[in-house]
Amino acid sequence: MLKAENVTKKYGQQTAVDDVSLKVQDNAVTVIVGESGSGKSTLARMLSLIESPDSGEIILDDKKTDRKSAKANRRLVQLVMQDAASSLDPHQSARQVIDEPLKLLLGFDKAKRAKRTDELCDMVQFPKDRLKNKVSELSGGQQKRLCIARALAAEPKYIIFDESFSGLDVTLRRCILTMLKKLREKLETGFLIITHDLDTAMYMADRIYVMRFGKMIETLDDPKSFLDFKENYSKELVRAAEYKRQALKL
Amino acid sequence: MIGKILRKPQALIGIAMMLTVFAVMIFAPAFAPNDPGKVDIMQKFAEPCKQYPLGTDDMGRCITSRLICGARVSMSIALPTIGAIAVISVLLAAVCSYIGGIVDKLFVIVSNIFMALPPFLVAMTLVGLFESKALSIVISIVVAMWVWNAQVVRTYVLREKSKPYIITCRMSGCSELRIILRHIIPNIFPHLLVLYSTGLSGVIIMISSYAFLGLGLETGTAEWGAMLVNANKLIFSHPELIVYPGLCILFAAAGFNLFGEALRDICDPREG
Amino acid sequence: MLKVNGLEITARTSKERLVKGISFEVGKGETLGLIGESGSGKSLTSKAVIKLLNDRVFEISGSITWKNEEILTKKAKLPKGWRGQQIAMIMQNPMTAFAPMIRLGRQIEMGFELKGKNARQEFYEQLEIALKNVNLGDMKKILGSYPDELSGGMLQRVMIAVTLMKKPELLIADECTTAVDAASEYMILKQLETQRKNGMSMIVITHDFGVAARLCNRVAVMKSGSIIEQGKTLDVFSSPQTEYTRELAAASVLFREGVC
């Protein structure tokens, strides 16, 4: 289990994350919903051990993490960022992107790497004939798949998706989400999805957290429908979706 | 990348001009119709003719030959200078980024002090230090100019380092050193190429202006700047003498500048 | 009211056909949804209708008539204030729709020609009501702030309130709820629905069938520059004729496949 316990992070005067606790379970999808500026990206960076909190603890498998252990643990928590194009080194080829974690984190030799790359491409449905292409020559969907493949290559215990699906065309988003959902069932990996989009949240989640102004305001342990929310703000979030749903007579 | 360069006329013109300069530099003795140093006072201010395609100067030396050999002198000083500046600035920027913290701060302080000194002043102070005039010119320009380039390269490195993909690289297990060598430097390489090819044109002009100030090479050396000074006093009687070396400096500097700027447009269409 | 016939838009430099001969019609009080994803040409089409496309960049052919008058030709004389009073447009990103260095109050005032004290007072009374309609109660605070001091959702609501004050006959809403937060989306949808009931014609550009279902009686699905399907919103949604429309409809109601 990956846990945040009473985590606080400040940037100057601004408190980005204020006394937040949450659990990311193994073999399940946890979702954080919140508007932009609610501090969810900061939380994501802390959970993926890139930044350390000002106070509070990030606990990975019952062990507290600090700056030293963060490096050793880095393989176990992988982050997929929002914009695929800018989160990949533009001068690398797709194969090099996947090769790097295989070589540096897992120490695979060349033959093993090639085999594993093949498997990963199948998992995320990345076309193999595009592996030799530069990142900048790939389409948006292919870049996103490559980002996911790279994260999977490290064989992590947890993958954090920080707004990874916003900004995609809706049909592509659905494609990738269905793929991830199937993949989740096969793998022993915990997913944490951070999003402002309720559709994505409801589609993927086993547990939902709602965040606002840096605080965790609501937890939905067993989301069955939109209507289970209790807090006013969460209900407000749901209202537009409900409103549209009524119009479609669903 | 190469395809894009070939499709851009500005880059092609720049390359053609650069190649011309290099060709003239390498094959200077073969091109030169006469000995550039040969003084023939009987022939002074000769009209352009078969033997002297551009005529002769006030000492009866063949202008064409002097211009051609001048390319060699200029470039043989300019190239090592820019090379040294490139090595120093990339190395420093990489070290600053790798170690960071106090080393980086120290670098900023030292470089700010150096930047407060006008490069020409530094260069002029140092130019007399060494026996060999050429070497002292190289060293004085390097000492005067390294800080400007190192600052720029450091900014490139820092800017590249703040891009989101660096986080992805860390996630993939890259060490700091690997991030600098394998990710940052390849990505800023086109920018460096631009920086140093435009920088080269600056150095060419600087060398010529040294000669113009009388700080350069031995008097009588066939060098563009020196020719310019020499022609200065004849500006009213024989203005063409000042035009020829001037055009040569312009040609070489413009060639590198054109190429560099075309390269920048290709690498980064949003900037510039 | 608005008739578009065989509209073609070609990029002049790359000779690429971005919109490939589309035709549609919007009658008085009618609302049409243009549904599609990036690259489908839906935004270009709407910009052509309001004459915001640069002639030097795009080559436009076909015909667009507004109240039986051709507006696509160069000769077409449009009355002053045609854009805004007759056809108005709301863009996707409210942050770029306002000038960042001018307080909102002054900016809004510039859009209206106010002469005399009475006109000003009347204008501000109307503005207050308009802002209240989109759930922005504190007019003073909003007019005194710079665009970046408000959230994207609030700015978009200001934009809509001001646009509606001119009572345009046709409103083009280009992905106007895509970039805003969920709470604002609800208010915007509600306000636009009220306008629809009051008889305003609308072209709603979106990728979301839910938005279209709220606001439009008819939808046209666009893909790579062509209209591939047209019909009543709920018909198209519940029994799509093409594979692409089916995918798009499924993507709009992702949640239904999940736990609901």
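Guide: The contact between chains B and A takes 13 residues from chain B and 19 residues from chain A; two residues are in contact if their C-beta atoms, placed from the backbone, lie within 7 Å. On the side of chain B that touches chain A, α8 (164-171) and α9 each supply at least two residues. The largest share of that side, 6 residues, comes from α8(B). Helices (H or I, at least four residues) and strands (E, at least two) are DSSP runs, numbered from the N terminus. By class, the side of chain B that touches chain A has 7 nonpolar, 5 polar and 1 charged residues. Here Ala, Val, Leu, Ile, Met, Phe, Trp, Tyr, Cys and Pro count as nonpolar, Asp, Glu, Lys and Arg as charged, and the others, Gly among them, as polar.

This is a predicted model, in which local features need pLDDT of at least 70 and side-chain atom pairs count only at pLDDT 80 or more, while totals for chains, interfaces and linings use all residues. Residues are numbered from 1 along each chain as its sequence is written, and chains are lettered from A and ligands numbered from 1 in the order in which they are written.

Chain B itself has 11 helices and 0 strands. Its C-alpha trace spans about 75 × 45 × 30 Å along the principal axes. Of the 272 residues in chain B, 39% are buried; a residue is buried if 20 or more other C-beta atoms lie within 10 Å of its own, exposed if 12 or fewer, and partly exposed in between, with C-beta atoms placed from the backbone. Among the contacts in chain B with a separation of 6 or more, 65% come from residues 24 or more positions apart.

Two packed helices are described by the angle between their axes and the distance between the axes. The axes of helix α4 (residues 63-99) of chain B and of α9(B) come within 9 Å and cross at roughly 150°; axes are lines fitted to C-alpha atoms, for helices over the stretch in contact, and angles run from 0 to 180 degrees between N-to-C directions. α4(B) passes α9(B) in a right-handed crossing. A crossing is right-handed if the near helix is turned clockwise from the far one by less than a right angle, and left-handed if anticlockwise. Residues of α4(B) in this contact include B:Ile77, B:Ile85 and B:Val90, and those of α9(B) include B:Leu192, B:Tyr196 and B:Val203. The residues of the contact of α4(B) with α9(B) divide into 16 nonpolar, 5 polar and 1 charged.

The largest nonpolar core has 214 residues, and those with the most contacts inside it are A:Val31, A:Leu47, A:Ala149 and A:Ile160. A nonpolar core is a set of buried Ala, Val, Leu, Ile, Met, Phe, Trp, Tyr and Cys residues joined through C-beta atoms within 7 Å. With 15 residues, α4(B) gives the most to this core. Leaving aside neighbours within four places in sequence, A:Val31 is in contact with residues including A:Ile193, A:Met204 and A:Ile208.

Most residues other than glycine have a negative phi. A:Asp62, however, has a positive phi of about 65° and lies in the loop between β4 (55-60) and β5 (63-64) of chain A. A:Asp62 counts as exposed because 7 other C-beta atoms lie within 10 Å. Phi of A:Glu163 is also positive, near 50°, and A:Glu163 is placed in the loop between β7 (158-162) and α6 (170-186) of chain A. A:Glu163 is buried because 20 other C-beta atoms lie within 10 Å.

Chain A touches chain C as well: 29 residues of chain C are in contact with 25 residues of chain A. The side of chain C that touches chain A divides into 17 nonpolar, 5 polar and 7 charged residues.
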